[in-house]
Amino acid sequence: MTDVFEEHRPVLMGVAYRMLGRVVDAEDVVQEAWLRWSETDHDQVREPRAFLVRVTTRLAIDRLRHLQSRREAYVGPWLPEPYVTDLRSSVPDTAERAVLAESVSLAVLVVLESLSPLERAVFVLREAFGFPFAEIAVTLDRGEAAVRQLAGRARKHVDEGRPRYKVDPAERRDLTERFLAAATEGDLDGLMSLLAPDVRLVGDAGGKSKAPLRVLESADKVGRFLHSTAGKVAREARELEVRFLEVNGAECLFIVVDGRPDSVFRLDVADGLIQDVYIVRNPDKLVSLIP
């Protein structure tokens, strides 16, 4: 019984996190799914994976409806909680890895926030995990035609809201290293040279750390904010550690100040320039990154 559940735990966690955007909520949902599984007559379950995904999805929909009212009162921009992934070693197929990485990216998860819970569930199950429409219909207790309509609306909305460029991992790594060097050396000109003219910066601090309360746009605004913030952290920190970490399917910078998680930086790049900067500084969202 336990072995069967543990075999499917990664998929269940993947579904729950993409639905909720927060690690602790996803873990709670998976734990509740385990309780449901432990109370089930397993002789009556022909397909454990389908059963567990169905239970997890329904629990996540209920949790999401509760969370959405809380997020309306969130201070400043909201970003998903950083989720440590290891797709490069755990998913050998390059095409499959790209799909999973995109479905868990910060940019896509932000767009998913604007979907209804049912649209989000259909998108996650179909686009990230490739479930057939018929199986999704059973999971959501809806007709297959209705599920296809939900999928169409969700796909259209996500396509309209996601970045209109593909990110090359090698290019991201190169620009991230150059970004780090310019920021730590206080090189404003070098930093500005890496930013696209219409670069956007989205910072999530939840009112608990320093970050812009609105999305910043333009190389001048983003560059000066990053230069000022990096300088302040460098001056005030007794100990500063920067790690490369695969977060939400992409290599990111994890900043640790005086032994405490300070921030996660994710850069989306194209045409040799940084197009988007995502910064998570809400300390509540960095707890899961502590070893």
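Predicted model: local features only at pLDDT ≥ 70, side-chain atom pairs only at ≥ 80, totals over all residues.
Residues are numbered from 1 along each chain as its sequence is written, and side-chain values use heavy atoms, with hydrogens and water left out.

**View 1. The hairpin of strands E3 and E4.** Strands here are DSSP runs (E, at least two residues) and helices likewise (H or I, at least four), numbered from the N terminus. E3 covers residues 240-247 and pairs with E4 in the antiparallel sense over 8 bridges; pairing takes at least two DSSP bridges between two strands. Look for Val-242 opposite Ile-255 in E4. The two strands have 2 residues between them, and Asn-248 in the turn has a positive phi of about 50 degrees.

**View 2. Glu-251 in strand E4.** E4 runs over residues 250-257. Glu-251 has a relative accessible area of 17%, so it is buried (under 20%; exposed is over 50%, partly exposed in between; 1.4 Å probe, protein chains only). Its side chain makes a polar contact with the side chain of Arg-173 at 2.6 Å (a pair of N or O atoms within 3.5 Å; within protein, one must be able to donate a hydrogen and the other to accept it, and residues adjacent in sequence count only if both atoms are side-chain atoms).

**View 3. Leu-20 in helix H1.** H1 spans residues 2-20. Leu-20 counts as buried because its relative accessibility is 0%. Beyond four places away in sequence, Leu-20 touches residues including Val-29, Leu-64, Leu-67 and Trp-78 (contact means heavy atoms within 4.5 Å). The C-alpha atoms of Leu-20 and Gly-76 are 18 Å apart, with 56 residues separating them along the chain.
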